[in-house]
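Here is a short note on the aromatic rings in this model. Please read it with the structure open.

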Amino acid sequence: MKNISTYLSLLSLILIGILFYLHFSPAEKKSVETTSEDQKESPSFKIAYFDIDSLQAKYDYFRDVSDKVKSKESSMTSQLNSLQQKYQKRMKELQDKAPTMTQSEGEAAQREYMQMQQKYQENQMSLEQDLKKHQLDMMTDVRNKIEDFLKQYNKDKGYAFILSYEPGFMLYYKDSAYDITSDVINGLNAEYKAKK
């Protein structure tokens, strides 16, 4: 048993030596010849960006979508407030009758209160989920319109990447020569007006 560990140690030492030799031995350097054709085929690497805050502020469709979402949110709040007022009115009625209620009427009132509370919470959750789905659908539509426009826009521009710049995005330097925000806003607004 003692000999096995010695043999394994010796074997691992030999293997480490071989690895060191292979790693640090001089390798043949192959020169790669580039032809003028290879140089012509390599595309230029350009990156452009647009300011997402400016897009949100100046893209007409985005503003319309934001207004629709705010309207739906306002409608949801109004529905919930109306429902809450209705329940509060009913609770006041029950509280006013409480001194004259029998025990069974009090228990029925308690059950009614619990059902009203549960129904309110269910309605609130349903409306919130509907609003979130609506927001997601609208933002997905906006994103798709921007992506479709950028695909068309980039056909003759030849950018490798088009980034959206927003506050908090770690972009340490940006050259305004590659800022295509106004092109994107003008193009998207023109498409939106044509479809409107």
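1. Start with a definition. A charge sits over a ring if NZ of Lys or CZ of Arg is within 6 Å of the ring centre and within 35 degrees of the ring normal. Keep in mind that this is a predicted model.

2. Lys46 meets this rule. Its charged end sits over the ring of Tyr159, 5.0 Å from the ring's centre. Lys145 is placed over the face of Tyr61, at 5.1 Å from the ring centre.

3. Now the ring pairs. A pair of aromatic rings is described by the distance of the centres and the angle of the planes. The count comes to four aromatic pairs. One of them joins Tyr59 and Tyr61. This pair is tilted, with 6.1 Å centre to centre and 55 degrees between the planes.

4. Tyr61 also pairs with Tyr192. Here the centres are 5.0 Å apart, the planes make 55 degrees, and the pair is tilted. The pair links distant parts of the chain. Tyr61 belongs to helix H4 (residues 60–97), Tyr192 to helix H6 (residues 181–195), and they are 131 residues apart.

5. Tyr59, Tyr61 and Tyr192 are linked by ring pairs into a cluster.

6. Buried means under 20% relative accessible area. Tyr61 has a relative accessible area of 10%, so it counts as buried. Tyr192 is at 14% relative accessibility, so this residue is buried too.

How values were computed. Residues are numbered from 1 along each chain as its sequence is written. This is a predicted model: local features need pLDDT of at least 70, side-chain atom pairs count only at pLDDT 80 or more; totals for chains, interfaces and linings use all residues. Side-chain values use heavy atoms; hydrogens and water are left out. Rings of Phe, Tyr and Trp (its six-membered ring) pair if their centres lie within 6.5 Å; planes under 30 degrees apart count as stacked, over 60 as edge-to-face and the rest as tilted. Helices (H or I, at least four residues) and strands (E, at least two) are DSSP runs, numbered from the N terminus. Buried means under 20% relative accessible area, exposed over 50%, partly exposed in between (1.4 Å probe, protein chains only).
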